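Student: Could you give me a close look at a single part of this structure? I would like to see how one residue leads on to the next.

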Amino acid sequence: MLSRLFVFLAGLTCSLCFAEPGETKTSKPLELDLAAGIGFHTGELQWSIASDISGNATPNILSELTFADVEYESFEARGTMSFNRGYLDGFLAQVSYLAGRASSGRNQDSDYSGDNRTGEYSRSYSDAEGSDIIAFDVVLGYRMQLNDDWTLTPKLAYSYHEQHLAMTDGVQVLDTRAHALSLGPFAGNLNSSYTAEWAGIWFGGELAWHRGAHRLSVELQGHWKDYYAEANWNLREDFAHPVSFAHWSEGTGYRWILNYQYYFQSRFSAWIQATAEDFEADPGRDVVYFADGSKGATRLNGVTWESSGYAVGVAFNF
């Protein structure tokens, strides 16, 4: 699907290359910009729990999971409505959406008996291929014209990000317990998942340079998030299903976006952008749901999510 979309966008962009670049600045009272493209991103999510609710008992890191080098192919779209006259002159409203699926990635699950990741007694690896990512932002901004070429746009937004991380094809590579699991591929069919949700607001600004057919912008966002996650550990018969345990926390983060846009005509343009984001959830709560209906709690030490990538596409102005 993504390859067909890429061919369509590339063909449309090339067809527009025969149009004369035009002056893109307009006196229209209302503008609508619609953009779509494909992206390629690499992400890493890591979390750990302690052995008790305080986090002070040994081991202070009991279990840690790291989803690394998760490579996503994504579809991205955004729509921007800008007001150029009247009481709303300078204001804009924007909605952006991203959905992607991972073509590769790996998970490491490690357990420790000592503080600070010492005494590792169990380690396994699994495949994160087939993981999904979804994100959308609803943005309000105010465009300030600094001079003929430069604008500064402060923005306030609600943002939601979800990483659905798959775990399949498990392999046990270390187990020093008395009743150790057999090393090698898991005996059962591993089909576990960890779904992380980051929801909250961000505040930031976009600085843009626009002259003739060229537009270059850089945007920086500061995020404040509520964090919630659910996991389904399908091979653990002592855990409940489909929710084996859940995580709650609050966190912060940032994202930056570098975008270049070339206008073939006043209504048609192509764009390319690079992005990076880094979210971090504070210590919170881990609650385990057991198969017999009981539950237990311990400390969630924290969660980190890092992602970077690029996207290309086309845009239409109305």
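**From one buried lysine to the pocket**

Tutor: Lysine 155 has a relative accessibility of 3%, and because buried means under 20%, lysine 155 counts as buried. Keep in mind as we go that this is a predicted model. You can find lysine 155 in strand E7, which covers residues 150–175. What does its side chain meet there? A polar contact of 2.9 Å links it to the side chain of glutamate 219. Beyond its neighbours within four places in sequence, lysine 155 also touches others, including Gln94, Val139, Trp202, Phe203 and Glu206.

Now follow E7 along to aspartate 169, which sits in that strand too. Aspartate 169 has a relative accessible area of 58%, so it is exposed, the cut-off being over 50%. Its phi is near 55°, a positive value in a residue other than glycine. Asparagine 116 also has a phi near 55°. You will find asparagine 116 in the loop between E3 and E4, and it counts as exposed at 56% relative accessibility.

Let's move to strand E2, where glutamate 64 is found. With a relative accessible area of 8%, glutamate 64 is buried. Its side chain makes a polar contact of 2.6 Å with the side chain of arginine 117. Leaving out neighbours within four places in sequence, glutamate 64 is also in contact with residues such as Gln46, Trp47, Ser48, Asp109 and Tyr112.

Apart from neighbours within four places in sequence, its contacts include Glu64 and Arg117, along with Pro59, Ile61 and Leu62. Serine 51 is 61 residues away from tyrosine 112 along the chain, but their C-alpha atoms are separated by 9.8 Å.

The largest nonpolar core has 30 residues, and Leu45, Trp47, Phe67, Tyr194 and Trp233 are the ones with the most contacts inside it. E2, spanning residues 63–83, gives the most to this core, with four residues. Take phenylalanine 67: not counting residues up to four places away in sequence, it touches Leu45, Trp47 and Tyr194, among others such as Arg106, Leu165 and Met167.

Finally, look at the second largest pocket, which holds about 910 Å³ of space. Its lining has 40 residues, and Asp109, Asp111, Leu181, Trp233 and Arg236 lie nearest the centre. Several strands we have visited, including E2, E3 and E7, each supply at least two lining residues, while E4 gives the most, with six. By type, the lining divides into 21 nonpolar, 13 polar and six charged residues.

Technical notes
Residues are numbered from 1 along each chain as its sequence is written. This is a predicted model: local features need pLDDT of at least 70, side-chain atom pairs count only at pLDDT 80 or more; totals for chains, interfaces and linings use all residues. Side-chain values use heavy atoms; hydrogens and water are left out. A nonpolar core is a set of buried Ala, Val, Leu, Ile, Met, Phe, Trp, Tyr and Cys residues joined through side-chain atoms within 4.5 Å. Buried means under 20% relative accessible area, exposed over 50%, partly exposed in between (1.4 Å probe, protein chains only). Contact means heavy atoms within 4.5 Å. A polar contact is a pair of N or O atoms within 3.5 Å; within protein, one must be able to donate a hydrogen and the other to accept it, and residues adjacent in sequence count only if both atoms are side-chain atoms. On a 1 Å grid over the protein atoms alone, a cavity is a set of points where a 1.4 Å probe fits but cannot get out, and a pocket is an open set with protein on both sides within 12 Å along at least five of seven lines; lining residues have an atom within 4 Å of a point. Grid points are joined across faces, edges and corners, and a volume is the space filled by probe spheres set on the points. Ala, Val, Leu, Ile, Met, Phe, Trp, Tyr, Cys and Pro count as nonpolar, Asp, Glu, Lys and Arg as charged, and the others, Gly among them, as polar.
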